[in-house]
Amino acid sequence: MKHDIERYVGALEEAATAGDEYTAIDTARAALDAGVPAETVLLDVVAAAQARIGQDWAANRLTVAQEHTATAVNERVLTVVAHHPVARDHRSEPSKGRITVACVAGEWHTFPAWLLTEVLRLRGWRVDYLGAHVPTAHLIVHLHRTAPDVVGLSNSIATRLPAAHAAIIACQAAGTPVLAGGAAFGPDGRYAQLLGADAWAPDARTAADLLDGPLPHRPTSGLSAGGPAHLAGHEYSQLTARAPDLVRSVMEELGRHIPEGQPGHTAEDVAYIVDFLRTAAYVDDPDLFTTFIGWMAQLLRSRGVPERVLAAALDAMDAHLTDLPQARATLTRTRATLRPPG
């Protein structure tokens, strides 16, 4: 039977954006009642609508408050779909094994992890969903108590890659393989591989398909097994130690060059830039920083902030990092993408 999935996606996006929880839930229920499989509703309706909401926020078509409201509505829809009689009737008995799904320390975006949890439950896994911001020490206590077959680590923001690395090493030391997922690990999973994860998946469907096969296991990885020497190296440590002073200095410099009343950076924006520069040093990949700055330039442009303000922030940062050649090279390379020749 062919279903009009696009119609359900559009209706859910509209209801969630409006904060209309009842209509959003009715939309999901209507899809299930029409015979759309529960997994399809989760992945091709709810997740698709949520992705569009994120795109609308980035394009400044939604405020932060509207995006948060819509996300909260879609999280409620996830719960309703998971507990709908159609989903419960088609859910397999937990026979495939046990998996722990958690967001790394500092990661507060729970939607991808929650989505994966419900898909895996439909596929016959027993899932312990630990939610947002799980400190590594607490995660390891849980692993020792429950002995899962695998850990699913979710990480959406690249600045949490050092925390993800610590979690990967600790989980493997406890004898549990790690499946990494989320945008932070790169579009091709390059950072998951660099940090020693046993496997990587770009989305919930791929993760569930991967776990339907032999469980991943990499016996050695990370710093404890002689991983890349640049991880947690000198420049990363220096940038971490100097971060508060660097943010303060850049904000002072911007204040001297940006006319009063003109849109510009907040201290939060500058701190975010510093965090991405630190992370690029951690993984030794200038592209991570350059890609982020390109995204931020587009984001600020949609909010009326001139690109030269972003360039000025990078200039100010460069002036305070004269003893860190790797960071300065990354800044120089990135500034060139904001100031094309001619």
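**Note on the predicted model**

1. Asp318 sits in helix α14, which covers residues 307-319. Is Asp318 buried or exposed? Its relative accessible area is 10%. The cut-off for buried is under 20%, so Asp318 counts as buried. Setting aside neighbours within four places in sequence, Asp318 contacts Arg328, Leu331 and Arg335.

2. Next, Leu321. This residue lies in the loop between α14 and α15, the latter being residues 325-338. Leu321 is buried, at 0% relative accessible area. Which residues does Leu321 touch, leaving aside those within four places in sequence? The contacts are Leu239, Arg242, Leu246, Leu277, Ala327, Arg328 and Leu331. Arg242 is 79 residues away along the chain, yet the C-alpha atoms of Leu321 and Arg242 are separated by 9.7 Å. Arg328 and Leu331 are in contact with Leu321, and both are also in contact with Asp318.

3. Now the cores. Nonpolar side chains in soluble globular proteins tend to be buried together. Here the largest nonpolar core has 60 residues. Which of its members touch the most other members? They are Leu161, Ile273, Phe289, Met317 and Leu321. Helix α12, residues 267-283, gives this core its largest share, with nine residues.

4. Not counting residues up to four places away in sequence, Met317 touches Leu246, Val250, Ile273, Val274, Leu277 and Leu331. A second core is separate and has 49 residues. Its members include Val36, Val45, Val81 and Ala113.

5. Overall figures. The protein has 15 helices and five strands. Of its 342 residues, 50% are buried. Consider contacts with a sequence separation of 6 or more: 74% of them join residues 24 or more positions apart.

6. The sheet. In what order do the five strands lie? The order is β2-β1-β3-β4-β5, in an open sheet with parallel pairing. The edges are β2 (126-131) and β5 (199-201). Each edge strand has a single partner, so one side of each has no neighbour in the sheet. From one strand to the next, the twist averages 20°.

7. Pairing of β1 and β2. Strand β1 covers residues 98-103 and pairs with β2 in the parallel sense, over five bridges. One of the residues with a bridge partner in β2 is Ala102, and that partner is Gly131.

8. Helices on the sheet. Helix α6, residues 111-122, lies across β1, β2 and β3 (150-154). The direction of α6 is at about 170° to β2. Helix α7, residues 136-146, packs on the sheet too and touches β1, β2 and β3. The direction of α7 makes about 170° with that of β1.

9. Loops around α7. Two residues have positive phi without being glycine. His133, with phi of about 45°, is in the loop between β2 and α7. Its relative accessibility is 32%, so His133 counts as partly exposed. Ala147, with phi of about 50°, is in the loop between α7 and β3. Is Ala147 buried or exposed? At 60% relative accessible area, Ala147 is exposed.

10. Helix α1 as a length check. This helix has 13 residues, 5-17. At 1.5 Å a residue it should span 18 Å. The end C-alpha atoms are 18 Å apart, so the two agree. Just after α1, Gly19 has a positive phi of about 75°.

11. The buried face of α1. Which residues of α1 are buried? They are Tyr8, Val9, Leu12, Glu13, Ala15 and Ala16. An α-helix has 3.6 residues a turn, so residues three or four places apart point the same way. The cover over the buried residues of α1 includes α2 (21-33), α3 (38-58) and α4 (64-83).

12. Cysteines. Cys103 is buried, with 0% relative accessible area. Cys171 is buried as well, at 0%. How many disulfides does the model contain? With sulfur atoms required to be within 2.5 Å, the count is zero.

Notes: Residues are numbered from 1 along each chain as its sequence is written. This is a predicted model: local features need pLDDT of at least 70, side-chain atom pairs count only at pLDDT 80 or more; totals for chains, interfaces and linings use all residues. Side-chain values use heavy atoms; hydrogens and water are left out. Buried means under 20% relative accessible area, exposed over 50%, partly exposed in between (1.4 Å probe, protein chains only). Two strands pair if DSSP finds at least two bridges between them. Helices (H or I, at least four residues) and strands (E, at least two) are DSSP runs, numbered from the N terminus. Axes are lines fitted to C-alpha atoms, for helices over the stretch in contact, and angles run from 0 to 180 degrees between N-to-C directions. Contact means heavy atoms within 4.5 Å. The expected span of a helix is 1.5 Å times one less than its number of residues. A nonpolar core is a set of buried Ala, Val, Leu, Ile, Met, Phe, Trp, Tyr and Cys residues joined through side-chain atoms within 4.5 Å.
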